[in-house]
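Dear colleague,

Please find below the structure I am handing over to you. My notes on what was found in it follow.

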Amino acid sequence: MSYYYTGCAEHYEPHFLDACFLCRKPLGFNTDIFMYRGNTPFCSKDCRQEQIEMDDAKEKSWKRSASSSIRKSEQSKNATGTTTPDKPVRTGTVAVA
Ligand SMILES: [Zn+2]
């Protein structure tokens, strides 16, 4: 079992742990279960990663400027004062705190 907790489980209902949340593949007792947000089970890292990315995209639109801590990995590379004129697109909100 590889339980993996990523923070709080605010708006998620507790899910049954017998099927992958994403692809609905049955999860047996001897199957590795990859947890996300504490109570969402996935059959594989790939499935979990997809859900994480979907949630991440959602959170970006929900919490535009409310919190800048959720997307640290993706934004850390260009978050600090990007003044490169050649780069046309910055994805989402750049943290200018
Ligand atoms: Zn799955």
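**Confidence and findings**

Residues are numbered from 1 along each chain as its sequence is written. The mean pLDDT of the protein chain is 73, with 47% of its residues at 70 or more. Where pLDDT is low, the predicted coordinates should not be read in detail.

The chain has two helices and two strands, in the order β-β-α-α along the sequence. Helices (H or I, at least four residues) and strands (E, at least two) are DSSP runs, numbered from the N terminus.

Buried residues make up 11% of the 97 residues. A residue is buried if 20 or more other C-beta atoms, placed from the backbone, lie within 10 Å of its own, exposed if 12 or fewer, and partly exposed in between.

Arg37, in the loop between β1 and β2 (40-42), is buried because 20 other C-beta atoms lie within 10 Å. Its phi is near 55°, a positive value in a residue other than glycine. Arg24, in the segment before β1 (34-36), also has a positive phi, near 65°, but is exposed, with 11 other C-beta atoms within 10 Å.

Lys45 lies in helix α1 and counts as partly exposed because it has 13 C-beta neighbours inside 10 Å.

With kind regards

Note on methods: Predicted model: local features only at pLDDT ≥ 70, side-chain atom pairs only at ≥ 80, totals over all residues. pLDDT = per-residue confidence, 0-100.
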